[in-house]
Amino acid sequence: MKIAILGAMVEEITPILARVQIQKEHEIGHNRYYEACYKNLELVIAYSKIGKVNAALSASVMFLHFGAQKLIFSGVAGGIAESLKVGDLVVADKLCQHDVDITAFGHPFGFIPETTLFYEADSGLNVLAINAAKSCNLRFQIGTIATGDQFIASPERKNWVAKQFNAIALEMEGAAVAAICAALGKPFCVLRAISDAADADANVSFDTFLEKSARESADLLFLMLEQM
Ligand code: ADE
């Protein structure tokens, strides 16, 4: 079974690449894909670059070119829930696209006809993530992650996303990957560690905590891989 492991930024996969045996590297569509082994698991690892289009491309390549059977996303997110602090983990139970707006035609925010507003993560993968987090006493929450092609550094926008989608965290790739997985019938989960509070200081907090939070997310990923 081949597992796809995807991040958005190089900082999100560097701690992952450091712990696997890399076997082969491929360049496809201006992205680098690493075929690797971890224990008995076959992996394909990549960072997509930021945003929904890039994430969708990488996820598609991992399934259709490399034959991955499931996907785990690991990276950082902006926290919406007050109780989420920098470094806390989030496991998405479902994801949506907060920046989709076809409301002029009567559709709810986030909805694209012939698709779904919320994409559900795989319950089996989520159980692995949650058990791993519990067994190591990690601070984590399970909830909705909202995705959009916007770095949110505004309490107003953050509160709107919170209210509209009941989301606890936001980022820029998860729901795009989820949409690809839904279209191709592949199980996935999205792990994120909080890097900022999506508020006026979000850019500074993001730069300060990107690497550390990316490591926390990668640590949870490896706890999961140990169980697979
Ligand atoms: N990823 C991490 N922090 C974020 C934020 N504030 N907005 C969007 N994506 C993020």
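Where is the place of Asn137? Asn137 lies in the loop between helix H3 (123-135) and strand S8 (140-147). The views below show this residue and two other sites in a predicted model, in which local features need pLDDT of at least 70, side-chain atom pairs count only at pLDDT 80 or more, and totals for chains, interfaces and linings use all residues. Residues are numbered from 1 along each chain as its sequence is written, and side-chain values use heavy atoms, with hydrogens and water left out.

**View A. Asn137 in its loop.** Asn137 is not a glycine, yet has a positive phi of about 55°. Most residues other than glycine have a negative phi. Asn137 is exposed, at a relative accessible area of 73% (exposed means over 50%, buried under 20%, partly exposed in between, with a 1.4 Å probe and protein chains only).

**View B. Lys39 between two strands.** The loop joining strand S3 (31-38) and strand S4 (41-47) holds Lys39. Its phi is positive, about 55°, although Lys39 is not a glycine. Lys39 is exposed, with a relative accessible area of 59%.

**View C. Packing of helices H1 and H6.** Helix H1 (residues 10-17) packs on helix H6 (residues 202-226) at an angle of about 45°, and their axes are 8 Å apart. (Helices are DSSP runs of H or I with at least four residues, strands are runs of E with at least two, and both are numbered from the N terminus. Axes are lines fitted to C-alpha atoms, for helices over the stretch in contact, and angles run from 0 to 180 degrees between N-to-C directions.) H1 and H6 are therefore oblique to each other (under 35 degrees is roughly parallel, over 145 roughly antiparallel, 65 to 115 roughly perpendicular, the rest oblique).
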